Amino acid sequence: MSNNKKHVIPREKYGRKRREYFHNEEREQRVQMERKARKQRAEKAEKLAKNNEARVKENLRKARIEKLTQEEIQQQQAMAAKRNSRNSENEIQQSEDKPLNHKSQQAEQSPSPYVAKDEAEVAPTTNEENTHLETKSASNDSDVDTNASTNKEGLQDDHFYSEEAQQSRVNQYIEEDNSEKVHVNIAKNHKTGQADEPSKQQRHSDQLSVIDKIKQFFKEHWAKVLIVLAVILLIVLINAIFNNVDHNGNTKDNIFQSSDNASKEKTYTDTMKSANSAVQSIVTVENDTSNNSSSAEKETQEAGKENELGSGVVYKKVGDSIFIMTNAHVVGDKKEQKITYGNNDTSIGKVIGTDKFSDIAVVKAKIKSSSDVKSIKMGDSSTLVLGEPIIVVGNPLGVDFKGSVSEGIVSGLNRHVPVDIDKDNQYDVLMSAFQMDAPVNPGNSGGGVIDKNGKLIGIASLKIDMDNVEGIAFAIPVNDAESIAKQLEANGEVKYPNTGIKIANVKDMDEATHQSLNLPKEVNKGVVIGDVKDNSLGEKSGLQKNDVIVELDGKEIEDNLRYRQIIFSHKDDLDTLPAKIYRDGKEQDIKIKLK
């Protein structure tokens with residue numbers, strides 16, 4: 001940037017437009033309506049074009065008829081002029097022939113001098129004269145006929161330009177045109193071997209006349225027909241609008257949908273598919289097996305107590321038995337749970353095992369063979385992505401609102417949430433969980449967290465319930481929950497490694513204790529060993545009293561909850577973990593054995 005000029009990014013480099021990132025149902029409906037309106041306008045224009053084409057053809061036909069009429073008039077006039085000229089020539093010829101006729105008459109009256117001589121000589125002359133006379137008489141007769149016809153045509157010419165004469169000639173031309181079409185069709189049928197029956201010709205001509213009448217009617221009254229159709233369409237539209245308004249005054253979604261879309265099934269989104277599939281695998285878990293009051297009343301009456309009511313996920317089904325995964329704080333210390341499933345059917349389930357550190361419990365119950373309860377599909381929580389859409393399916397407040405669905409996203413990964421298990425106002429364990437913003441209410445605990453494919457990715461466990469805090473809930477990853485459930489199903493409990501040491505937090509020590517341990521001033525995190533049991537894993541690993549552990553398994557140790565979390569995460573492999581400690585103010589490396 002130079003000369004104090006702004007640096008402007010070209011518009012073509014902005015990238016995608018904003019509307020490409022969002023889906024607007026209102027805009028989609030408006031676009032569909034605009035497309036439909038454009039289609040109607042195109043159809044109307046096409047119809048008008050066809051009408052115009054028909055009118056043009058009719059005008060051309062009329063012009064052709066008029067042209068033929070003019071040609072006929074000119075032909076008649078030429079014929080009349082020719083007759084007039086012929087009559088004048090005949091008159092001149094007659095005037096020239098009169099003296100000859102007079103002489104012949106005199107010759108007939110006077111005695112011929114040649115009669116006595118020879119009759120053979122007189123006969124040719126007489127025959128010639130007779131022939132000439134016959135010819136003249138024939139010509140006179142023809143002249144008389146010509147004059148008569150001329151006079152007759154003169155009378156007809158007086159009415160040649162009248163409207164009746166012109167209309168009769170037009171009708172005659174139309175009839176001839178139709179007859180020519182009939183003859184052409186008959187000739188075609190004759191060539192193809194079809195029979196030329198007069199009845200078929202008559203029917204064809206009748207059909208043509210009916211079609212011509214219909215066309216003529218629409219040509220004359222097309223504007224009125226369009227007005228009538230528009231009024232009918234408006235009435236149908238108003239009727240549809242009023243019939244598709246519910247009692248609350250809200251219009252239905254399919255008012256402006258086409259008839260094709262109305263007949264089709266509603267298109268399911270990923271959220272709808274996941275919810276409808278997962279809800280068949282969610283049950284209600286109550287550790288109060290009595291039937292005295294509704295679950296909502298129980299939840300209200302026991303507002304100060306927890307571990308009374310929640311949800312569960314059916315993760316396995318064997319015959320008529322189902323295995324339910326839920327929270328340990330939901331089942332509490334009771335060995336039997338009231339399970340509500342399907343269409344409010346109930347069963348008493350047996351608690352197979354609980355694990356308070358992971359907050360997972362497994363309950364086994366029997367169901368009716370006719371029930372539609374099914375096991376849920378298991379997902380993979382290791383592939384979760386920040387911002388991934390999820391839904392929570394559970395029973396907030398119990399049976400009264402069973403099968404409720406709330407939607408959200410994955411708000412955070414690898415969260416370490418402190419949990420007070422025994423409710424003594426001191427945190428006992430650091431739970432590994434992922435964060436979500438979907439609404440979670442009392443009764444949702446133990447419910448399923450489902451991804452867009454309808455697979456289980458977590459167990460809803462807890463939320464932060466504080467003033468001015470909203471949308472912070474946590475779920476146990478399904479990989480951890482499934483591993484715990486298998487151990488509970490097999491052994492009834494989960495065994496965790498125990499190093500056999502008592503520990504305290506460095507951050508809770510006073511300054512005098514800090515100085516007595518000779519810790520550097522910058523060391524303000526970690527755990528201090530207060531006592532080591534004999535023959536424990538801690539003693540076998542070489543740990544001593546007053547040792548300060550600041551790092552374990554390559555991870556920084558902030559407090560005793562973090563130390564316990566790292567140790568418990570190796571319950572399955574029991575690996576030996578590298579550690580970094582301070583002993584007498586000096587940093588040392590040590591290895592802690594877990595078996």
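This is a guided tour of one predicted model, stop by stop.

**Before you start**

Residue numbers begin at 1 in each chain and follow the sequence as written. In this predicted model, local features need pLDDT of at least 70 and side-chain atom pairs count only at pLDDT 80 or more, while totals for chains, interfaces and linings use all residues; side-chain values use heavy atoms, with hydrogens and water left out.

**Stop 1: the whole chain**

Show the protein chain as a cartoon. It has 12 helices and 19 strands. Helices (H or I, at least four residues) and strands (E, at least two) are DSSP runs, numbered from the N terminus. Of the 595 residues, 29% count as buried. Buried means under 20% relative accessible area, exposed means over 50%, and partly exposed is in between (1.4 Å probe, protein chains only). A contact means heavy atoms within 4.5 Å. Among contacts between residues at least 6 apart in sequence, 62% join residues at least 24 apart.

**Stop 2: the barrel**

Select β1 to β6. These 6 strands close into a barrel in the order β1-β2-β3-β6-β5-β4, with antiparallel pairing. Neighbouring strands of this sheet are turned by 40 degrees against each other on average, direction ignored. The axes behind such angles are lines fitted to C-alpha atoms, for helices over the stretch in contact, and angles run from 0 to 180 degrees between N-to-C directions. Strands of a sheet pair through backbone hydrogen bonds, either parallel or antiparallel. Here two strands count as paired if DSSP finds at least two bridges between them.

**Stop 3: strand β6 and its partners**

Now keep β6 (360-366). Because 5 of its 7 residues are buried, β6 is largely enclosed by the rest of the structure. Which strands does β6 pair with? One is β3, in the antiparallel sense over 6 bridges; another is β5, which runs antiparallel to β6 and is joined to it by 5 bridges.

Pick out the residue pairs:

- I322 has A365 in β6 as its bridge partner.
- G353 has V362 in β6 as its bridge partner.
- D355 stands opposite I360 in β6.

The hairpin of β5 and β6 has 4 residues between the strands, and D359 takes a positive phi near 60 degrees there.

**Stop 4: the aromatic pairs**

Show the aromatic side chains. The structure holds 5 aromatic pairs. Rings of Phe, Tyr and Trp (its six-membered ring) pair if their centres lie within 6.5 Å; planes under 30 degrees apart count as stacked, over 60 as edge-to-face and the rest as tilted.

Select F217 and F218. Their ring centres are 5.7 Å apart and their planes stand at 80 degrees, so the pair is edge-to-face. F217 is partly exposed at 43% relative accessibility, and F218 is partly exposed with a relative accessible area of 43%.

Next select F357 and F568. This pair is edge-to-face, with 5.0 Å centre to centre and 65 degrees between the planes. It links distant parts of the chain, 211 residues apart: F357 lies in the loop between β5 (345-355) and β6, and F568 lies in helix α12 (residues 560-568). F357 is partly exposed at 23%, whereas F568 is buried at 15%.

**Stop 5: helix α12**

Since 7 of its 9 residues are buried, α12 is largely enclosed by the rest of the structure. The buried residues are L561, R562, Y563, Q565, I566, I567 and F568. What covers them includes β9 (404-419), β10, β14 (501-505), β16 (548-552), β17 (555-556) and β18 (577-583).

**Stop 6: the nonpolar cores**

A nonpolar core is a set of buried Ala, Val, Leu, Ile, Met, Phe, Trp, Tyr and Cys residues joined through side-chain atoms within 4.5 Å. Select M325, I360, I450 and L456: of the 25 residues in the largest core, these touch the most other members. Elements that give two or more residues to this core include β2 (309-318), β3 (321-326), β6 and α9 (478-491). The largest share, 5 residues, comes from α9.

A second, separate core has 18 residues, including I501, L543, L577 and I592.

**Stop 7: E511**

Finish at E511, in helix α10 (residues 511-516). Is E511 buried or exposed? E511 is exposed, with a relative accessible area of 60%. Its C-alpha atom and that of K521, 10 residues apart along the chain, are separated by 9.9 Å.
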